[in-house]
Amino acid sequence: MSESQWDELRVVAPQLVPFFERAERGRLSVPRCSECGVHRWPPRELCGYCHADRAEWVEIRARGTIYSWTSASAAEEAPLAWVIGVVTLDLPDLVRLVGRVQTSTVPKNLIGEVVVGRFEQIEGRLPRLVWSGEER
Amino acid sequence: MKPGSLSILGIGQTSFSRESGRSVSALAVEATRCALADAGLAAGAVRAVVPVGGGVFADELVVELGFSRAVVDALPPPGGNSGVVSLEVARGILDMLGHGVGVIVFARNGRSSNRIAKRVGTLPGQAFRAYLEQPHGWSTPAQWYAMIAQRHIHEFGPNREAMAEVALAANAHAQLNPAAMNHGRVLTRAQYDAGRVVADPYTRYDCCLETDGAVALVVAAGCHEETDRRAVDVVGIASSRPESPDDLTNRRDWFDIGLSVAAPLAYERAGLGPEDVDAAMIYDCFTFEVLHQLEEAGMCPRGQSADFVLSGAIRLGGRLPVNTHGGLLAEGHLGGVNHLLEAVRQLRREVPPARQVDGVRTVAVTGWGDWGDGSLALLQRRAP
């Protein structure tokens, strides 16, 4: 990732730096509150449950269920929709992450589909989370 | 009138178009002058100015309108909930001052220059937007809210027919409103169905207009002494945010929005219930959000808005006419402040007979903004 993108991230959103540092190594991780032990997302200064100000970043399995989705066409006549999903992670606590959903066709409905996530490592850009159907 | 209450004494607007050819402040000046003339008041009476929508400052109106240099101004937050919230802000300033009237004004060249894609950067939670959402292409209100609609379809069943009815009803009402952008542009079901997908399930005609124009209101606090048979009173009002207002994704219940909390509170303050509402001006940024807000404002149980709408309820002549001016979908996107104007016109009986809701006594106006901020105002005419 370009230095200027890191510089911007460190200044504008330092709370997200650990997520992207681990994402560069292909790992999905989220904060877990040091007081109440709850996994939480997105990263905030204080825990939304107990308002503690300390959390550890813990690696979690990149697997979940599509909670909702929509499409975004790249252009008016584009035949294939770019699908975006909000995925609920397989955790006891509420954690949902946004990512593109890899699909070869325009979906009828994706809610409830089990997906696994991986990070696309793109030259000059932040790693990007992509969801795809779990191989059975 | 009791302290803490608010009445609307005047309304004004410019024409609504795709290209006004005028500056935002010129639009604001015109709408405000109209509202003051409608109220029969001079600019010198104005002590509070509440600009809505971020397009204009009070500073830009003082010279041309002749406001006192001592006007107090406050800007509500960005987002579409602020049209209704502006009533609370104006009331707060006027209560503090103890005299004078307030001006609420919304002005925007929302089609020719300041379009929604430009404005999303002014909303809360930009770090989340920039790094967690936009890289995946999730960056516009149509896409955010489309996901709420998908979730509702999953939990309560398909609602394409109901969404179409919302769009068609708005368009039908706009045919009775010469000021509406879509006046004379009839939308057929075939056209609705042929609309391209914007963000599944939203297609072109599920999405509101973008508009150049301005609307304004003149308001007075409870201590204002003038009595005016055309005055409309805000008899109950409340606003609220959803859980996690800056983030939709990690919210437990996506149907629980600001309106879910604001509506019961507004009814309680007014001593009314949803059954007392004769017409509703609902913030219709997208068709599904009309369905969603009908549920959360208590007009029908959660999950049953499709049946409610498909019964014909929201058309003029139905049980609960919605957006008799055409709304954001078919009159114009004036931040939902245009919904307040239509509520006032209905209560004053100042709309053409075909558009008049028979026997209307109470009109509800909702706000919706950002990721579900919401509000409800209940308006009644003062004179019997």
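Biologist: What stands opposite R100(A) in β7(A)?
Modeller: V130(A) does. This is a predicted model, where local features need pLDDT of at least 70, side-chain atom pairs count only at pLDDT 80 or more, and totals for chains, interfaces and linings use all residues. Residues are numbered from 1 along each chain as its sequence is written, chains are lettered from A and ligands numbered from 1 in the order in which they are written, and side-chain values use heavy atoms, with hydrogens and water left out.

Biologist: How many bridges join β5 of chain A to β7(A)?
Modeller: Two, with β5 (residues 96-101) and β7(A) running parallel. Strands here are DSSP E runs of at least two residues, helices H or I runs of at least four, numbered from the N terminus, and two strands pair if DSSP finds at least two bridges between them.

Biologist: And how does β6 of chain A run against β7(A), parallel or antiparallel?
Modeller: Antiparallel, with six bridges joining β6 (residues 114-120) to β7(A). On that side, R118(A) stands opposite V130(A).

Biologist: Is β7 of chain A largely enclosed or open?
Modeller: Five of the six residues of β7 (residues 128-133) in chain A are buried, so the strand is largely enclosed by the rest of the structure. Buried means under 20% relative accessible area, exposed over 50%, partly exposed in between, using a 1.4 Å probe and protein chains only.

Biologist: What do the five strands of chain A close into?
Modeller: A barrel, in the order β3-β4-β5-β7-β6, with mixed pairing.

Biologist: Which residue is opposite W69(A) in β4(A)?
Modeller: G85(A). Strands β3 (residues 63-72) and β4 (residues 82-89) of chain A pair in the antiparallel sense over eight bridges.
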